[in-house]
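Subject: Structure handover

Hello,

The structure is pasted below for your files. My notes on it follow.

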Amino acid sequence: MTIPGVRLFGHRLTWPAALGLVIIAINLIGAVGAPWIAPFDQADVVCDAWDDPSAQHLLGCDNLGRDLLSRLLFGARMSIGLSLLITSLSFTIGIVTGFTAAIAKGWVDAALSRTVDLLLSMPSLIFAFVVLSVLGTEVPVLVVTLACLDSTRVFRLSRALAMNIVALEYVEVARLRGEGLWWIILREVLPAARAPLIAEYGLRFSFAFLFVAALSFLGLGIQPPDADWGSMVRDYRDMINLGVTAPFWPAGAIAVLTIGVNFVVDWLLAIQSRGHGENA
Amino acid sequence: MRALIAQRLALGFLTLFGASVLIFAGTEILPGDLASALLQNNATEENLAVMRQELGLDRPAVVRYAEWFGGALHGNLGKSLATERPVADDLAPRLRNTLFLAIYSAAIAVPLAILLGLLAAVWQGSLFDRAVNTITLMTISVPEYLVGYLLMKYISVQLGWLPTLANVTEETAIGERFYLTLLPMLTLVLVVIAHMMRMTRASVLAIMASPYIEMAFLKGIPKWVVVVRHAFPNALAPVISVVALNLAYLIVGVVVVESVFVYPGLGQLMVDAVSKHDVPVVQACGLLFASAFIVLNMLADIAAILANPRLRHPR
Amino acid sequence: MSDTVADENEIVLEVDHLRVQARSDAGPGPVLVDDISFTLRRGEVIGLIGESGAGKTTIGLAVLGYTRNGCAIEGGRIIFRGRDILTLSPAERRALRGPGVAYIAQSAAASFNPAMTLFEQVCEIPVRHGLMSPAAAREVAIGLFRELDLPDPENFGRRYPHQVSGGQLQRAMAAMAMAARPDILIFDEPTTALDVTTQVEVLAAFRKLIHEHHTAAIYITHDLAVVAQIADDIMVLRHGKMVEHGTAEQILQAPRAEYTRRLVAERVAGHGFIDRAAAEPPLLTISNVVASYASLARVIDGVSLEVRRGDTLAVVGESGSGKSTLARVITGLLPREAGEIRFRGELLPPALAQRTREQKRLVQMIYQMPDVALNPHQTLLDIIGRPIAFYFNRPKAEIRSRVLELLRMMDLPESFIDRTPGELSGGQKQRVGIARALAAEPDLIICDEVTSALDQLVGEEILRLLKRLQEELGIAYLFITHDLGVVKRIANKVTVMLKGQMVASGETETVFAPPFHPYTELLLSSVPEMRSDWLDEVLQRRSTA
């Protein structure tokens with residue numbers, strides 16, 4: 001399954017992983033370059049409702065006569081950008097609290113761990129509903145709420161990672177030498193935790209991405225007129241009975257990007273479990 | 001072992017209590033308060049005062065929590081802000097519908113996922129294993145609504161075999177119900193099965209790699225006996241945990257799938273209530289979903305304790 | 001199958017030019033076993049001996065027609081009672097495993113299924129192969145339990161694996177292998193995971209079993225002294241190839257190959273101690289130290305000892321004796337609860353955090369597992385250079401030249417300075433660990449089982465290196481080990497520990513000479529010696545005592 005001659009991080013790249021990387025690259029280019037690539041603006045009405053695909057409108061038009069391809073590209077900007085923001089914020093919170101808990105131990109660890117246990121004791125969608133019902137669905141509320149909920153899983157992983165690494169003898173050597181806490185975190189713990197954390201970032205991103213899309217699909221995420229893939233599915237869904245393919249474009253885009261990310265994550269996890277030494 | 005189970009039960013109820021506090025506190029983290037959020041632009045001083053009085057916001061949060069949770073334990077979930085009817089009245093039929101769909105899906109998805117996971121593990125590396133692995137990796141990534149709409153488009157619209165919408169009512173007969181919810185059930189099964197099957201496979205593989213399984217092969221025991229007698233009893237506890245873990249996907253899946261098929265369940269009710277800021281309804285639905293999840297996890301953990309030979313036969 | 005015995009001296013196994021090779025997606029890998037031939041008669045025991053990677057387990061498994069994932073038998077024949085098992089169908093091969101050839105693995109704890117009782121597992125071979133009724137198999141199992149001196153043989157089998165001790169479980173595995181009276185038993189390092197005192201009993205039980213049933217056996221081990229007690233013939237293996245094959249007597253008394261000579265010699269030869277001025281003031285003084293882990297009973301209970309410059313003090317004991325905990329208490333990782341630890345007369349605070357940088361510098365550690373003791377993400381320059389930068393604050397160029405000097409002292413090539421530990425062998429990693437300790441220029445180095453994860457000859461080289469460094473630099477060592485052979489060779493002082501308490505302490509010559517403390521005597525007498533009559537002597541002495 002590996003591609004001969006192609007290596008990344010010193011490991012052979014598999015076909016699915018390469019496909020995943022290509023998918024991610026295309027999506028990123030689309031998201032970043034939307035204002036330049038997209039033939040029309042996302043809010044401009046340029047044709048009749050549900051016009052069929054044509055040379056001018058490659059994917060046809062939507063319910064209000066807006067260019068579907070343009071909305072898809074701008075939607076990528078919103079969906080991907082927001083998910084990246086949420087994931088990065090959740091990682092910052094999760095890693096700092098997780099490492100702190102593992103190294104500080106004692107009551108700090110107990111308090112943080114019990115809080116996280118409690119937050120994880122119910123599905124995060126349900127708790128997000130509760131918070132959004134009072135705070136409303138503005139973008140900053142969405143980002144902070146989802147990042148906090150998601151950071152619980154990052155906390156668990158980084159705490160477990162740090163616990164394992166701190167128990168290793170080379171960390172004991174550093175402690176015996178008298179090294180400070182930050183030196184130990186940065187020089188001894190973080191390099192060993194980097195690989196699993198990168199894989200987790202991919203995984204968390206795809207969760208956040210699906211989560212935002214699901215909220216938008218339910219009408220509780222990003223509000224019109226901003227395009228985003230989840231709400232586009234919602235807007236076009238009634239047309240399924242009439243055989244219009246429009247809802248499948250954004251829904252398919254969500255699926256394809258998630259599949260791509262998962263392919264890469266799967267490969268990252270596989271090369272980690274193979275361990276050190278074999279990459280020589 | 002009894003002590004361990006008692007401990008787990010106690011922890012379960014404590015978690016339930018903690019979750020209720022969290023759900024209540026989740027509605028208290030406003031910069032202002034609920035009244036000003038609800039009234040938004042119409043918030044004059046008088047309006048606010050009246051609203052606060054109505055909602056009981058003039059009393060301390062602890063008192064209101066105690067009243068709410070105490071009421072909830074007796075089936076009194078307060079009044080809906082939108083309809084002014086008791087929340088419990090709206091909730092009961094919806095809850096029945098959601099439970100019906102969830103149990104219907106779980107009854108098919110759980111055995112199927114475990115079977116597929118077992119087979120993939122036993123035939124590790126075979127074409128079957130690799131195919132199932134790649135397909136499930138893809139279905140994990142596909143959102144519930146895409147699966148739902150694809151099924152709807154091909155099975156309902158093009159082939160006309162099943163209805164597109166699952167609009168059941170109180171009067172719908174049981175047989176009719178199974179028929180109407182077939183498509184939502186299929187969607188849920190497809191979504192849940194992937195995770196459950198992959199994790200079952202992983203935990204069975206972990207067992208199959210242990211030295212005592214190699215030992216069984218070196219004793220000349222036939223492969224099916226090794227799997228059934230040696231591997232399965234040890235895989236039981238991890239598989240139970242896997243099933244419990246994946247019920248979270250079922251709960252989230254139910255909310256989305258209900259929306260796709262316009263199925264009158266708890267999820268739809270909750271989503272509507274969230275967009276209408278109908279806080280008592282949201283809290284009640286949240287409490288129900290959370291309790292279902294917590295109780296299921298607790299049961300799974302107890303089952304896993306019962307399945308562990310080291311705990312069943314202490315030193 | 002044994003009921004068809006016709007000839008007492010029948011050849012039951014003939015391995016002929018066996019070749020096993022690793023295989024991967026990328027094509028054929030290294031050859032694991034190359035051109036191995038031997039024959040085995042009924043009642044005969046052949047010992048396969050070699051270091052890790054010698055291919056001994058691979059040979060043992062091949063006799064069962066079994067290879068681990070990623071390996072395949074590429075050539076040769078394995079003839080079991082006239083039939084080449086490599087030409088058998090999978091079903092025929094399966095029928096052979098258990099009743100024909102049975103396997104006894106290194107770790108009984110891992111090889112028994114935790115979800116089944118011992119009876120179920122011991123009776124499985126005869127019952128599943130249709131040789132006995134469950135009731136008859138149970139009777140056989142009880143008989144075997146009795147033969148193997150297991151407690152309460154009638155009911156022993158009702159227990160689950162986690163309910164019996166390690167030594168008992170290892171014997172239960174022999175019963176499991178023996179249940180269908182196989183023609184060949186394969187013992188794969190069956191006593192390696194046990195403490196020495198347990199090893200003697202288990203070894204004796206195995207030997208009795210083989211003799212009484214007149215079974216042929218293959219005994220795989222890395223310990224020449226152990227195999228000498230049980231094997232008629234010995235084959236010495238290295239890197240998958242045969243080095244030497246002969247009778248046990250010949251291998252021990254007159255080894256022909258250079259490699260065998262080294263294996264035999266290392267165990268006999270001793271190292272001289274360097275002379276010390278007896279009047280030196282003590283470096284480390286420990287008096288009446290008590291320590292425990294949270295909520296547990298005392299792990300260290302009233303230990304006192306003294307180390308002078310140039311001393312090598314060995315702390316010996318079996319697992320659970322508290323010897324490794326003692327190291328943690330001295331370094332301050334586990335604060336002591338009572339007692340005093342002085343270094344050069346200065347009282348060391350109990351906890352690491354309270355100690356000064358200088359106090360930390362003077363005591364360094366070397367660990368058992370070089371793999372986890374070195375950060376795999378750092379180069380040797382970082383690993384060895386960091387203590388120099390940390391304690392002495394030297395400029396970069398000076399650190400580099402000092403690291404190079406230390407590498408030379410360790411007999412490591414200077415080009416290693418920019419490599420990471422992943423590119424080094426086990427012995428080389430251990431040398432890096434030593435270099436890192438020396439970089440701090442300590443007075444005392446605590447060595448925690450530093451040779452037990454290494455192959456015998458590699459371990460010997462490490463010991464020699466440590467000895468040389470001591471002669472050159474006058475460092476003191478505190479040597480924590482379970483291996484009395486090491487103690488006798490390297491230590492001038494010894495402390496014997498049992499369940500957290502000191503049983504005996506003093507000059508090695510005194511402690512290891514009569515009059516012994518009973519536990520010291522038990523320990524000493526349990527260390528296998530490299531002569532074939534050792535086990536008989538020990539058993540005889542113990543039965544008359």
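Of the 545 residues in chain C, 46% are buried (20 or more other C-beta atoms, placed from the backbone, within 10 Å of the residue's own). This is a predicted model, in which local features need pLDDT of at least 70 and side-chain atom pairs count only at pLDDT 80 or more, while totals for chains, interfaces and linings use all residues. Residues are numbered from 1 along each chain as its sequence is written, and chains are lettered from A and ligands numbered from 1 in the order in which they are written.

Chain C

Chain C has 23 helices and 20 strands (DSSP runs, numbered from the N terminus: H or I of at least four residues, E of at least two). Along the principal axes, its C-alpha atoms fill a box of roughly 75 × 55 × 45 Å.

Strand E19 (residues 493-498) of chain C is largely enclosed by the rest of the structure, because 5 of its 6 residues are buried. E19(C) pairs with strand E13 (residues 312-316) of chain C in the parallel sense over 4 bridges; pairing requires at least two DSSP bridges. Val315(C) has Thr495(C) as its bridge partner in E19(C). Strand E20 (residues 501-507) of chain C runs antiparallel to E19(C), joined by 6 bridges, and Val494(C) has Gly506(C) as its bridge partner in E20(C). The hairpin of E19(C) and E20(C) has 2 residues between the strands, and Lys499(C) takes a positive phi near 50 degrees there.

Chains A and B

The contact takes 36 residues from chain A and 43 residues from chain B (C-beta atoms, placed from the backbone, within 7 Å). On the side of chain A that touches chain B, H4(A) gives the largest share, 10 residues.

Regards

Terms used: Buried ≥ 20, exposed ≤ 12 C-beta atoms within 10 Å, placed from the backbone. Contact = placed C-beta atoms within 7 Å.
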